[in-house]
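Me: Hi! I'm new to this one and would like a walk through it. Could you show me the structure before we start?

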Amino acid sequence: MTTPLRVGFIPLVDAAALIVAVDKGFAAAEGLDVTLVREVSWSNVRDKLNIGLFDAAHLLAPVAIASSLGLGHVKVPIAAPFNLGLNGNAITVSPALHAALMDEIDGDRFDPMATSQALARVVAKRRKSGAEPLTFGMTFPFSTHNYQLRFWMAAGGVDPDEDIQLVVLPPPYMVDSLANGHVDAFCVGAPWNSVAVDLGIGHILHFVSDILLSAVEKVLAVRQAWSEKHPDAVASLVRAHLRAAEFIEQPENRSEVARILAQPERIGVDASVIQRTFDGRLKIAPDGTMRESNRYLLVGREAAARPDPGQAAWLYAQMVRWGQTPFKPEALKSAMAVFRPDLYDAASGRPTGVPNLIGAFAGPPFDPSDVPGHLAAFKIGRWKP
């Protein structure tokens with residue numbers, strides 16, 4: 001007997017484990033009959049998961065936390081038993097902004113402190129000349145993209161709420177928005193940064209792994225009540241995803257994985273762009289300049305798939321820092337409880353995960369037991385002790 005499930009996703013490379021689990025038969029081998037539903041916006045995915053139109057979803061990690069805390073929408077507790085990816089985002093800027101930053105930079109262009117300080121100088125010059133503020137696109141208010149942009153900017157002295165404009169755009173619309181001049185830059189997941197570079201309209205300024213060594217990105221999300229009612233289905237989902245993640249991480253399988261994801265009903269971009277993402281070898285400029293990183297996107301290696309409540313605590317801390325919610329110890333506890341290593345361990349039989357340390361390029365090391373103390377170290381933010 002098979003269990004029918006409807007699972008929503010956004011066309012991004014970090015949906016790979018979900019897509020491969022279905023298209024390679026790993027989900028079917030676990031007795032699951034999964035129908036994948038491609039969506040455009042994170043609000044659609046969240047809402048359909050919350051009201052039960054989806055049984056599970058590829059979801060922004062902060063959205064799972066926000067939903068569980070009732071921030072920005074109705075309160076629906078979420079359980080995240082599997083990380084779909086660590087890292088995978090990048091900051092892409094227009095040719096004009098890239099040139100302005102390079103004119104102002106003092107230091108290594110791949111050093112996020114040097115680029116954030118250069119951005120501060122660009123912002124100051126624009127203000128003095130009477131130019132409009134720069135506009136940066138990100139995918140959702142409760143998103144890693146929002147927090148990563150803010151963390152980077154603020155480190156160099158740019159107040160993201162005062163000095164620039166942040167706007168929400170669905171991931172597939174980022175490239176067109178840059179091409180049309182609606183935004184000067186964006187932070188988004190693969191493959192859309194590479195698509196902008198290939199079209200000659202963008203430069204990848206940073207991989208998110210420059211800013212945070214290990215940043216949880218998307219999770220496999222289910223409603224907490226559903227997980228309690230269907231524990232066997234949750235375990236089957238975890239095992240299927242684990243098999244898919246292991247398949248994806250084998251270099252000899254990457255060309256096949258790229259072809260699977262390139263299908264129009266999945267991500268719908270050229271397979272070579274997707275394979276470059278998995279290889280961590282990306283073209284970062286229209287002139288063909290390449291850059292490599294073995295931390296660009298982690299799907300299964302280095303215990304990336306195992307949920308780490310410490311990562312959830314860091315995301316909650318960003319919500320507090322930027323004024324999305326006041327700090328409450330009980331809310332921190334609830335946020336950390338969204339990430340479920342216990343469900344992962346029980347299903348996988350591998351309770352050997354290690355914490356995925358944040359490794360931020362600026363500020364003190366993150367301590368989940370002292371969020372107020374951590375936030376007090378930052379000069380820019382909306383949180384007041």
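Predicted model: local features only at pLDDT ≥ 70, side-chain atom pairs only at ≥ 80, totals over all residues.

Me: What sheet do they belong to, and in what order do the strands come?

Reply: It is an open sheet of five strands, in the order β7-β6-β8-β5-β9, with mixed pairing. At the edges are β7 (165-168) and β9 (203-207), each pairing on one side only. Neighbouring strands in this sheet are turned by 25° against each other on average, with direction ignored.

Me: And how does β8 pair with β5 and with β6?

Reply: With β5, the pairing is antiparallel, over five bridges. One place to look is Ile 91, which has Cys 187 as its bridge partner in β8. With β6, the sense is parallel, over two bridges, and Phe 136 stands opposite Ala 185 in β8.

Me: Is β8 enclosed or open to the outside?

Reply: Five of the five residues of β8 are buried, so the strand is largely enclosed by the rest of the structure. Ala 185, Cys 187 and Gly 189 point one way, while Phe 186 and Val 188 point the other way.

Me: Which helix lies across that sheet's strands?

Reply: That's α5, residues 95-104, which lies across β5, β6, β8 and β9. The helix runs at about 60° to β9.

Me: Where is the cis peptide bond?

Reply: Between Ala 190 and Pro 191, with omega at about 10°. Pro 191 sits in the loop between β8 and α9.

Me: Let's move on. What's the strand order in the six-stranded sheet?

Reply: The order there is β2-β1-β3-β10-β4-β13; this sheet is open too, with mixed pairing. β2 (32-38) and β13 (297-298) each have a single partner strand, so one side of each is left without a neighbour in the sheet.

Me: How do β3 and β10 run relative to each other?

Reply: They are antiparallel, joined by four bridges. β3 is residues 56-60 and β10 is residues 216-223. Ala 57 has Ala 221 as its bridge partner in β10.

Me: Now α4. Is that helix covered or exposed?

Reply: Mostly covered: nine of its nine residues are buried. Among them are Pro 62, Val 63 and Ser 67. After the helix comes Gly 70, which has a positive phi near 75°.

Me: What does α4 pack against?

Reply: One partner is α16, residues 329-338. The two helices pack at an angle of about 130°, with their axes 9 Å apart. That angle makes α4 oblique to α16, and the crossing is right-handed.

Me: Which residues make that contact?

Reply: From α4 come Ala 64, Ile 65, Ser 68 and Leu 69, and from α16 come Ala 331, Ser 334, Ala 335 and Val 338. By type, six are nonpolar, two are polar and none is charged.

Me: And what about α4 with α15?

Reply: α15 covers residues 309-321, and here the angle is about 70° and the axes are 10 Å apart. The two helices are therefore roughly perpendicular to each other. Ala 61, Pro 62, Ile 65, Ala 66 and Leu 69 of α4 meet Ala 312, Leu 315, Tyr 316 and Met 319 of α15. This contact has nine nonpolar residues, with no polar and no charged ones.

Terms used:
Residues numbered from 1 in each chain as written. Heavy atoms only, no water. Axes fitted to C-alpha atoms, helices over the stretch in contact; angles between N-to-C directions. Parallel < 35°, antiparallel > 145°, perpendicular 65-115°, else oblique. Left-handed = near helix turned anticlockwise from the far one by under 90°. Contact = heavy atoms within 4.5 Å. Nonpolar A, V, L, I, M, F, W, Y, C, P; charged D, E, K, R; others polar. Buried < 20%, exposed > 50% of the residue type's maximum accessible area, 1.4 Å probe, protein only. Pairing = 2+ DSSP bridges.
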